[in-house]
Amino acid sequence: MSYNKINNLVGWFVCLIACGVYLITKEATVSFWDCGEFISGAAKLEVVHSPGAPLFLMINRIFVAIFGMQNAALAVNASSALCSGFTILFLFWTITHFAKRIIAKQNEELTNTNLIKIMGAGIVGALAYTFSDTFWFSAVEGEVYAMSSFLTALVFWAILKWEDRLTVANETHADRWVVFIFFVMGLSIGVHLLNLLTIPAIVMVYYFKRYKVSTMGTVWAFLLGCIITGVVQYGVIQAVPILATKMDILFVNSFGLPFNSGVLFTILIIAAACFVLLRWSKKMGYYFVHLGTLCLIFVLVGYSAFFQTIIRSNADVPLDMTNPDNAISLIKYLQREQYGSVPLISGPDFNSQPTGMEDGKMQYWKGEKNYEELGEKSSGYTYNSEDKRLFPRIWDANDPNHVEYYKKYLGLAEGEKASSADNLNFFVNYQVKQMWWRYFCWNYIGRQNDIQNLQGEPQNGNWLSGIKAIDKMWMGDTDKLPIGVRDSRARNELYFLPFILGLLGLIYHYRNDKRNAFIVGLLFFFTGLAIVIYLNNTPLQPRERDYAYAGATYAFAIWIGLGVMMVSDLFKKLKLGNMSPIAASALCLLAVPMLMASKEWDDHDRSQKTLAKATAINYLESCEPNAILFTEGDNDTYPLWYAQEVEGIRNDVRIVNISLLGIDWYIDQLSRAINKAAPVPLIWKSEQYRGQKRDYIQYLDNQSIPQDKYVNLTEVLNFVGSDASGSTMPLRNGGNANYFPVKNFFLPVDKDLVAKNKILPEGDTSVVVDQVQFTMPRDVAYKNDLAILNILAANAWKRPIYFANSIDPDHYEGLEEYLQLEGWAYKLIPVRTPGSRVVSPLRVNVNKCVDLYLNKFQFGNCDKGIYLDQTNRRMASTNRRFASMTADALSRDGKKAEALKILDKVYAGISEKSLPYIISQDNENIGNMYMCMAYINAGDSVKSNAMIDKFIRQTESDIVYMNTLPNPSAGASAAQFDLTVLQNIAASAQQVANRKDVYDKIMPIIQKLAMQVPR
């Protein structure tokens, strides 16, 4: 059998293994984070968040059509699994390509021994990546990263295929592969931009194969690769739409032509220019001009997938992020305008003082008949030259938490200016070590646990090898790890074995084939460290970002495979002869991919997990029919969109995302009906919030209005929304701005309408107030706050209004005493409960909550003890927390038997194996704490005492471990958090349940443990 046949057959066999693994372990339904949005977008071809993924959506729409709409999540998850499996196929062929090149350079025959060595390298390297932490995570959920990895693997393999074809065919035929590569790159723009980072490596392959190699030639080829990457990123992806936008504004506003006429003209001009250039270059014999033009054409053809985005946005689909239905909004969509910009080459530090504003550019929006001017928008602040630096890394001054982090991390005193050394320190130690190298080590050295590491905590989310002598140097005594960490299924010890094999492969590759080693090194650099530089991450990210660097782990897997060849050669020196490649392949297979699979299967198997869907159901079922539900984060929004859009669950509820509510296009969309949900009313008209108008409004003390007076919210909004001279205050720059003359507002209450719309449950005898009086919590209201106030005033008790439990407390807008807990959400009611807060609500709709927990709420198979990562544990903890609040309300009413019924249902529904007692300054343990207190209040001493004992054991083990750290004080805050949990339980037992025995049991232990907390 020929080499090619064996290579193909073994490759497909490895692909089959990978596809099988991913299909078996894929998530049962929707996952958290962006997956709900992407699955919804694929199911109905809707418009997902910028910069979009139209090709991903269209391909997965085919999968949904095959599987059926009711199985849309299964379809998209299966698509990711298959894309990932085929990524492994192309990785295998990439490794065997390099391995075969090494054999050829060694002037050896392609004997059976060498064939086994090549195949062994491919199998070990490909399967090592199959079971790598980051790639496996993305392979089993409905996100873009699996398809992006597939396209990246495809184009890198394709340039190697070009290299092979160039050996046996003339250059014209071989260069068809180059055109194919650029077509795939154009397509990949419609999935994710990771693919573009392969261009420098691809250019180097082309140069090394086609030209006589020199040092300067290598440098110029490298620079050319970087230039081509920039041309595609900025010249194609952004410049072409920008040109089309300028032409459309000209054609519509100046020539009176229809919308998109300028876009059509631009397309025709580019097409004509390409046609002329092709004919001219062919005629003149300018081969590379001809080839480059073909590549540009095919990039543009692939990029044309974004017409789907424009077409579907014009259809006003329910999910229509950024509303890119015209050339202007498409530019904002592609440039990710809503996320802001990041300085890369030059910029200020976080504490640099601005001197003014950059000159603005005129902004437009699509009106009825033409593009209307919105006014100029500045691109940012200006700074003195001494307040700007090259390579700024500590730049974000907008988030106070980031500012405090920078100062604490770098040890800067108040008012002290940062230096270039401080920027470099932050780059190396935070952005590189914390936000990239740590992730890389997870994959090939081992992982400590799945708790997010925010500030370099030694007990959270670090790499862990399993070699105690090494780990102890910076992670403490691993024999004394806290209970929750020690037993975590995400603790994966790989003993450096994949990393060592990869290093051996790197050395072997460099010794035997320096040029190709350099190419793989370029791929490793551009998909790893270059992304670190480009992203310029700020601290305190909302989640771990390892998925962004999967390309670097892909490149390293090539070296893991080639490491098998070095091991084989070492065995040959030990006189194993022809058995060397078999022994090396078998040993490396057991020591690397098999080890990785055995360690990581239990925390990557999501086949029974349905918690994200259960979370969506619990939120939606908490709401009355035709309700408005305010949410804020990804995980209290995207799963709900999925439930409504794909499965049709409670799509009468209108979800209003507060994070998006500060953007004009999203406020516009509130006026549309979506599915069965009616439009959301506003007091203001679109021209009052368009563009940068009223992005924020400050409170200015008006001496003519008594401070204790409450003013009708509608009147205040009309005043704030007016451009009349009496409604504005002068600014230093000569302009005017609106302001709040008062902070105290009231919503009038139409009691007949309240009764008619059943805002209060039947039989509720609470006193309905005439006015809902509340005070703005801050001295400034941002556009999303203003939109919330608009909705409250315009709704006027016509529909039920709910707030998700997870939103920023400021976004309750000072209404906490008028909120009633119903399941997982807080309902706005015209009844005041003094002293009530969302963290400890004094008003609970007990009957509804009991019905929800006993009959409607779901737990996502957590009763089966499935593995939950940190995000999922937070959501499971929420279930326990709010069940406990319901139980406490029942206990206060003397219904302790019913309280225990609720608690027992939830306790059984969420296994301790799924939600363990774990060291984390997060809300993971909060749900357990609330449940313990609720059991005490309901009189179940057996369960409460058992939970208290577990908290105590957990705290003791935490403190013992913290004291083994090289710097014990680094864990002091986490240990103190554990003690605070115990203190809360003790205080609640004494003050609420009158259980002094519990208090007396816990307090001496707290006092004893407090003395042991490291300082």
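In the predicted model, a salt bridge (a side-chain nitrogen of Lys or Arg within 4 Å of a carboxyl oxygen of Asp or Glu) joins Asp 695 to Lys 783, with the closest N and O atoms 2.9 Å apart. Asp 695 is located in the loop between α28 (664-669) and β11 (696-699) and Lys 783 in helix α31 (residues 783-795), so the bridge ties together parts that are 88 residues apart in sequence. Helices (H or I, at least four residues) and strands (E, at least two) are DSSP runs, numbered from the N terminus. Accessibility is classed by relative accessible area: buried means under 20%, exposed over 50%, and partly exposed in between (1.4 Å probe, protein chains only). Asp 695 is partly exposed, at 29%, whereas Lys 783 is buried, at 4%.

Residues are numbered from 1 along each chain as its sequence is written. The model being predicted, local features need pLDDT of at least 70 and side-chain atom pairs count only at pLDDT 80 or more, while totals for chains, interfaces and linings use all residues; side-chain values use heavy atoms, with hydrogens and water left out.

A search of the whole structure gives 40 salt bridges. One of them pairs Arg 210 with Asp 175, with a distance of 3.9 Å between the closest N and O atoms. This pair links distant parts of the chain, 35 residues apart: Arg 210 belongs to helix α10 (residues 199-210) and Asp 175 to the loop between α8 (171-174) and α9 (176-188). Arg 210 is partly exposed, with a relative accessibility of 21%; Asp 175 is buried, at 2%. A salt bridge also connects Lys 377 and Glu 337, whose closest N and O atoms are 3.8 Å apart. Lys 377 lies in strand β4 (residues 371-378) and Glu 337 in the loop between α16 (327-334) and β1 (346-348), so parts 40 residues apart in sequence are tied together. Lys 377 is partly exposed at 29% relative accessibility, and Glu 337 is partly exposed at 34%. Glu 27, Glu 141, Arg 606 and Lys 609 are linked in a network of salt bridges.

Asp 636, in the loop between β9 (628-631) and α27 (638-645), is buried but has no salt bridge. With Lys and Arg counted as positive and Asp and Glu as negative, and His and the chain ends not counted, the nearest side chain of opposite charge is that of Arg 881, 11 Å away. Polar contacts are pairs of N or O atoms within 3.5 Å; within protein, one atom must be able to donate a hydrogen and the other to accept it, and residues adjacent in sequence count only if both atoms are side-chain atoms. The side chains of Asp 636 and Ser 806 form such a contact, at 2.3 Å. A polar atom of the Asp 636 side chain also lies 3.3 Å from the backbone nitrogen of Glu 632. Neighbours within four places in sequence left aside, Asp 636 is in contact (heavy atoms within 4.5 Å) with Tyr 619, Thr 631, Ala 804 and Ser 806.

Aromatic pairs were assigned for rings of Phe, Tyr and Trp (its six-membered ring) with centres within 6.5 Å; planes under 30 degrees apart count as stacked, over 60 as edge-to-face and the rest as tilted. This rule gives 71 aromatic pairs. The rings of Phe 391 and Phe 427 have centres 5.0 Å apart and planes at 80°, so the pair is edge-to-face. Phe 391 lies in the loop between β6 (388-390) and α17 (400-410) and Phe 427 in helix α18 (residues 420-444), so the pair ties together parts 36 residues apart in sequence. Phe 391 is partly exposed, with a relative accessible area of 28%, and Phe 427 is buried, with 10%. The pair of Phe 556 and Trp 559 is edge-to-face because the ring centres are 6.2 Å apart and the planes at 90°. Both residues lie in helix α24 (residues 550-573), 3 residues apart, about one turn of the helix, and both are buried. Phe 556 and Trp 559 belong to one aromatic cluster, whose members include Trp 436, Trp 437, Phe 440 and Tyr 444.

Helix α2 (residues 35-44) is mostly covered, with 9 of its 10 residues buried. The buried residues of α2 pack against α3 (54-67), α4 (72-105) and α27.
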